[in-house]
Amino acid sequence: MSWRPQYRSSKFRNVYGKVANREHCFDGIPITKNVHDNHFCAVNTKFIAIVTESAGGGSFLVIPLEQTGRIEPNYPKVCGHQGNVLDIKWNPFVENVIASCSEDTSVRIWEIADGGLKRNMTEAVLELYGHSRRVGLIEWHPTTNNILFSAGYDYKMSSPFDCIDFYCAACPQGERQAVRGGEQTPVCVEGHAQDDVGVAVDHLHRLTDVQVPDEDLRTEADKKSPARSSPAKTEANCKNHRVNRVVFLGNLKRLLTTGVSRWNTRQIALWDQEDLSMPLIEEEIDGLSGLLFPFYDADTHMLYLAGKGDGNIRYYEISTEKPYLTYLMEFRSPAPQKGLGVMPKHGLDVSACEVFRFYKLITLKGLVEPISMIVPRRSETYQEDIYPMTPGAEPALTPDEWLSGTNRDPILMSLKEGYKRTSKAIFKGPAREKRSVVVNGIDLLENVPPRTENELLRMFFRQQDEIRRLKAELSQKDIKIRQLQLELKNLRNSPKNNEL
């Protein structure tokens, strides 16, 4: 009997990446040059937010998705942090609210108007302080409204920040106790010996974090307690696989980590969520040095791997049976990526059979490039097999319910009729008095002066163009005034007027 290779049939084997046209990209953006291992980009159905290069503090742009093309150098920014911005995340249920964390040890909540920014925003709706050192990661809860997790470089992870009712959950000497009050103090998960470099939260409220340099992988399952905190449930010491990033694989009860092997080759590993003693499989990717970012689509069970500094995106299909991980294809591009933003599922174009969309940051070109992952189909009708029921924009739990120990699956929605329903979730921040610093009739808080030489030169040339335009407009008006004066003089000297 002759040997024959066994091929696994998959509806996603021919998925391909389609780059948007240049007019549908975002050009002229001063993307940050910070070397922190993060995406520096966040996307929802209304806006795209990009961390930008700045001096004397941190800033990021918030641009409406329909405002593509070249962005003006003096486009308004969110610039309230005193240190570099390290991570930004949109609230999954309130699309006008975005969270940011920075080297200034703070986490801040911002509320963006529907039309975008009209001037620089320096005052946050809410400022949260729970860390003593810089904050590198933030993550919103996937099913509970206004619950935010943060991980910093002070050997602890803080959770949750309740952004509406301002719950105060303090943990003196390791004891966790939830109280109601006006303070904004997080639950602190102490006992972590190293810095957290990766945090993931699943819909059942389990929390996983990755730490270096010992690369421990910890899974924490919350108790039925008011503070929703507990010691580590399972922990793995990855000797052959140094973990960098971790992601939950939906309802498969699996974890996937990206990292480096003992031979310094990039590697991925699949773990049983209940038993982290040994990985189910380990697969080496290549010998490059850039960090591998995992992206998982729970609806299609597809895993996307994008390396920092790479130009390609690999994608796999994950199953519950061996071999667990099946390679599908690879998207290639010559331009290296600084980071990637991901569009939520309800923001995709279902008429084009789009199953995933990246927003690729290209620092060398100052460009943000949308990349659509498309399943080739000839039929133009709705493809139900690739668009199952997916989590929508309605929270399944309130902060009160979550803090009291309630668990609930996410509220699902269908993409068949398109996403038109607006979320009922709200965000209420504390009332703040508007501050102003007026110098020579100019409010410096609303009109932030240029911070770098390039910004100063751009503003100078823009002002020169504006002066030339105003001079030309003024000369045309002078000519019009002289013409009107001559016409008036002729009317006064006409014979008809003399007879009268």
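What is the mean pLDDT of the chain, and what percentage of its residues reach 70 or more? The mean is 79, and 74% of the residues get to 70 or more; pLDDT is the predictor's confidence in each residue, from 0 to 100. This is a predicted model, where local features need pLDDT of at least 70 and side-chain atom pairs count only at pLDDT 80 or more, while totals for chains, interfaces and linings use all residues. Residues are numbered from 1 along each chain as its sequence is written, and side-chain values use heavy atoms, with hydrogens and water left out.

View 1. Strand 32 covers residues 367-374; helices (H or I, at least four residues) and strands (E, at least two) are DSSP runs, numbered from the N terminus. Why is strand 32 described as largely enclosed by the rest of the structure? Because 8 of its 8 residues are buried, that is, under 20% relative accessible area, with exposed meaning over 50% and partly exposed in between (1.4 Å probe, protein chains only). Leu367, Glu369, Ile371 and Met373 point one way, Val368, Pro370, Ser372 and Ile374 the other way, and all are buried.

Strands count as paired here if DSSP finds at least two bridges between them. Strand 31 runs antiparallel to strand 32 and is joined to it by 8 bridges, with Phe358 partnering Ile371. Strand 1 (residues 16-19) is also antiparallel to strand 32, through 4 bridges; here Lys18 has Ser372 as its bridge partner. In the hairpin of strands 31 and 32, 4 residues sit between the strands, and Gly366 takes a positive phi near 60 degrees.

View 2. Follow the order 22-23-24-25, with antiparallel pairing. Strand 22 (241-248) and strand 25 (281-284) are the edges, each pairing on one side only. On average, neighbouring strands here are turned by 25 degrees against each other, direction ignored; axes are lines fitted to C-alpha atoms, for helices over the stretch in contact, and angles run from 0 to 180 degrees between N-to-C directions. Strand 23 (residues 254-261) and strand 24 (residues 266-272) run antiparallel and share 7 bridges, one of them linking Gly259 to Gln267.

**View 3. Two nonpolar cores.** A nonpolar core is a set of buried Ala, Val, Leu, Ile, Met, Phe, Trp, Tyr and Cys residues joined through side-chain atoms within 4.5 Å. The largest one has 34 residues, and Ile48, Phe60 and Ile112 touch the most other members. Strands 3 (41-43), 4 (47-52), 5 (58-64), 8 (85-90) and 31 (354-362) each supply at least two residues, with the largest share, 5 residues, coming from strand 4. Setting aside neighbours within four places in sequence, Ile112 has contacts that include Val62, Val78, Trp90, Leu117 and Met121. A second, separate core has 27 residues, among them Ala306, Ile313, Val350 and Cys353.

View 4. Rings of Phe, Tyr and Trp (its six-membered ring) pair if their centres lie within 6.5 Å; planes under 30 degrees apart are stacked, over 60 edge-to-face, and the rest tilted. That rule gives 11 aromatic pairs. Phe149 and Trp402 sit edge-to-face, 6.2 Å centre to centre with 80 degrees between the planes. This pair links distant parts of the chain, with Phe149 in strand 13 and Trp402 in helix 1 (residues 399-403), 253 residues apart. Phe149 is buried at 5% relative accessibility, as is Trp402 at 2%. Tyr382 and Tyr387 are stacked, 5.7 Å centre to centre and 20 degrees between the planes; both are buried. Ring pairs also link Phe295, Tyr304, Tyr315, Phe356 and Phe358 into a cluster.

Back in strand 13 (residues 147-152), look for Ile147. Ile147 is buried at 0% relative accessibility, and its C-alpha atom is 9.2 Å from that of Asn91, 56 residues away along the chain.

Notes: Contact means heavy atoms within 4.5 Å.
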